[in-house]
Amino acid sequence: MFDKHSVSLEWAGRTLTIETGRMARQADGAVLVTYGDTTVLATAVFQKQAKPGQDFFPLTVNYQEKFYASGRIPGGFFKREGRPTEKETLTSRLIDRPIRPLFVEGFKHEVQVILTAVSYDLENDPDILGMIGASAALVLSGAPFLGPIGAARVGYKDGEYLVNPMVEDLEESELDLVVAGTADAVMMVESEAQELSEEVMLGAVMAGHEAMQPVIDAIIDLAEKAANEPFDFEPEDLSQELSAIQELVGKDIEAAYRITDKLERQDAVGAAREKAAAELVATEDKPDGMDPLVFKSAFKAAEAAVVRGAILKTKTRIDGRGLADVRPIVAEAGVLPRTHGSSLFTRGETQALCVATLGTSDDEQFIDALHGTYKSRFMLHYNFPPYSVGETGRMGGTSRRETGHGKLAWRALRAVLPKDEDFPYTLRLVSEITESNGSSSMATVCGSSLAMMDAGVPISRPVSGIAMGLIKEDDGVAVLSDILGDEDHLGDMDFKVAGTEAGVTSLQMDIKIAGITREIMQTALDQAKGGRMHILDEMAKALNTSRESLSEHAPQMEMIQVPVDKIREVIGSGGKTIREIVDSTGAKVNIEDDGSVQISALDRKSIDAAIKRIRELTAEPEVGEIYEGTVVSVKDFGAFVNFFGPRDGLVHVSQMAEERVKHPSDVVKEGDKVFVKLMGFDERGKVRLSMKVVDQESGKELAGEGAGEA
């Protein structure tokens with residue numbers, strides 16, 4: 001029989017409860033985390049033996065949202081949850097990033113963490129609960145995990161930080177920042193901001209770290225009651241193997257990492273690896289040599305020792321730069337002839353081809369989420385083909401990494417977009433990474449900013465981004481600007497900052513060690529600001545403001561407003577009227593429930609024609625005005641004339657001419673064009689028209705005694 005245990009605390013005005021022993025009891029660790037009426041089930045399972053030949057740490061984190069959690073049934077034909085949504089993918093990455101570095105070095109047993117949102121109150125986002133649940137489940141499981149971690153969301157409004165703001169509070173917040181960390185240090189940051197200062201951003205990170213401490217304490221309390229016995233795992237000692245490699249090819253590795261060209265450097269490192277393997281790795285003729293997997297790990301440690309030691313000692317980077325130097329930048333705008341906007345951004349050996357495409361409301365993305373289906377007018381898609389790093393590889397669906405990098409750039413750019421009412425276009429940005437050697441996501445930010453300006457999107461300011469790195473040892477610390485791929489792989493931090501000259505729009509941080517201090521973050525932010533400003537200056541050489549007009553290949557668009565009570569007249573019975581407008585003018589017409597009408601076409605003439613038709617349908621005729629109309633039927637007592645959009649009115653036989661008319665058919669027939677004056681309305685609201693007061697040749701009102709009589 002399993003025992004149920006739980007801990008609860010008041011956290012930012014709501015009760016947080018973590019319980020175990022009631023659900024998923026066959027998992028190594030399982031907790032149910034509840035905050036408000038949002039609940040996440042978190043489970044952790046790890047294999048007790050490593051798979052033979054496993055040379056990496058196989059951690060899998062899967063966050064999933066069940067539509068029943070908010071009382072909804074999924075859309076589409078199948079009516080069940082399918083492949084992971086963008087939100088699920090991003091949250092899986094968000095949870096993976098702070099827990100991965102905290103497993104004991106050398107642990108290569110398969111670990112799977114599954115987080116399931118089973119109840120959602122539309123107020124408290126399940127993502128924070130997923131991070132807390134993953135941490136608690138791993139601590140309870142007995143896996144060699146050096147946690148726990150805590151997590152918190154931080155907003156910013158009216159100069160005050162908001163800890164764990166509700167969903168509706170975030171709509172008015174200048175910041176949406178998620179931070180995770182241990183009791184001592186910050187492990188991960190993900191954020192979107194409205195051009196805030198570095199000081200405000202750092203304060204938010206620290207506010208979140210402080211706020212999560214009671215949660216960490218609660219997980220420890222729960223573990224003391226219900227944790228499994230720690231798994232017996234001793235990390236492998238590679239010191240002898242490392243010494244052997246350094247003695248044999250240490251000089252070769254040092255020489256290789258003095259080569260500035262990436263591909264040449266890779267070839268030189270590969271040659272050193274092959275030389276060492278030939279001498280040290282076990283074979284049939286040399287059975288007492290190193291295991292290939294042990295050799296691989298030891299050689300990577302040798303590379304890290306060379307790169308990290310050289311940077312700390314000489315303050316000089318792999319490619320010869322100083323710690324704060326940014327690689328040479330070439331920015332180009334308008335590089336593709338038929339796209340709406342394009343750019344090519346090259347920084348060192350990293351290059352992004354970015355394209356902006358403008359569309360109408362028909363192109364908006366529909367997103368089915370826990371809180372309901374909604375539409376998005378702004379999309380950014382990031383592609384990382386294998387040729388960008390000189391490799392072959394499978395081409396298939398979007399990877400988690402591509403989704404995450406695209407969303408980071410999306411967050412960085414959203415703060416400078418024009419308001420929908422000022423620029424009603426749907427905007428899609430695509431970043432094709434054509435070369436990569438470090439920080440392609442920040443190249444995407446820079447290139448996409450240029451592509452939008454090239455397309456004529458009236459953004460408030462250009463945005464640039466830079467990736468920072470860290471080398472931290474007992475004998476020193478070095479913060480690196482604009483890191484290379486090798487500095488990312490062999491370093492301790494990936495710290496990305498994007499923003500304008502006015503402030504930060506996005507901050508993302510991942511740590512590979514047991515966290516960093518406020519002082520290191522302050523240094524990284526200050527150094528990143530200088531790099532960001534330098535990159536903005538280089539971008540300005542290509543384009544420093546949005547073009548005054550849209551591309552000739554982009555659709556033209558205009559928004560008008562009609563009274564809500566006239567919407568039915570524009571649409572018509574079964575949509576007949578709006579289809580007729582589209583067919584006759586060639587323009588696309590979309591009308592919303594609030595009476596806003598979006599009209600788009602490739603030429604201005606079509607838009608003007610559609611606006612004229614809609615105005616005719618929705619405007620009210622004015623008494624005393626003269627209109628040109630068409631006779632639609634002739635009766636014994638007069639003729640009915642269609643004179644204002646779909647509106648008909650009666651010209652009584654007495655109002656057809658100055659002289660007496662015996663029969664209306666003597667004056668008009670169906671289909672005739674006539675000029676009429678609106679004389680007024682009778683007691684039943686029927687329209688009264690007159691032909692006799694208007695010159696039927698010129699359409700001008702006749703002067704004289706009878707002109708104004710009805």
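1. A salt bridge here is a side-chain nitrogen of Lys or Arg within 4 Å of a carboxyl oxygen of Asp or Glu. Lysine 541 is exposed, at 65% relative accessible area. Glutamate 538 is buried, at 16%. Buried means under 20% relative accessible area, exposed over 50%, and partly exposed in between (1.4 Å probe, protein chains only).

2. Some ground rules. This is a predicted model, in which local features need pLDDT of at least 70, side-chain atom pairs count only at pLDDT 80 or more, and totals for chains, interfaces and linings use all residues. Residues are numbered from 1 along each chain as its sequence is written, and side-chain values use heavy atoms, without hydrogens and water.

3. Confidence next. The chain averages a pLDDT of 92, and 99% of the residues score at least 70. Residues 705-710 fall below 50, yet this stretch has 14 contacts in the model beyond near neighbours in sequence. pLDDT is the predictor's confidence in each residue, from 0 to 100; a contact means heavy atoms within 4.5 Å. Where pLDDT is low, the predicted coordinates should not be read in detail.

4. How many salt bridges are there by this rule? The count comes to 42. One of them joins arginine 153 and aspartate 127, at 2.7 Å from N to O. Arginine 153 sits in strand E7 (residues 150-157) and aspartate 127 in helix H2 (residues 126-141), 26 residues apart. Helices (H or I, at least four residues) and strands (E, at least two) are DSSP runs, numbered from the N terminus. Arginine 153 is buried, at 8% relative accessibility. Aspartate 127 is buried too, at 4%.

5. Glutamate 558 and arginine 604 form a salt bridge at 2.3 Å, N to O. The pair links strand E22 (residues 556-561) to helix H15 (residues 604-618), across 46 residues. Glutamate 558 is partly exposed, at 27%. Arginine 604 is partly exposed, at 33%.

6. There is also a network. Salt bridges link Asp319, Arg321, Arg327, Arg347 and Asp482.

7. Now helix H8 (residues 292-314). Its 23 residues should span 33 Å at 1.5 Å a residue, and the end C-alpha atoms are 33 Å apart, so the two agree. The expected span is 1.5 Å times one less than the number of residues. Aspartate 291 caps the N-terminal end: a side-chain oxygen lies 2.8 Å from the backbone nitrogen of leucine 293. Lysine 315 follows H8, with a positive phi near 60°.

8. What do the buried residues of H8 pack against? Their partners include helix H6 (239-256), helix H7 (262-280) and strand E18 (464-473). Among the buried residues are Phe295, Phe299, Glu303 and Arg308.

Methods
A polar contact is a pair of N or O atoms within 3.5 Å; within protein, one must be able to donate a hydrogen and the other to accept it, and residues adjacent in sequence count only if both atoms are side-chain atoms.
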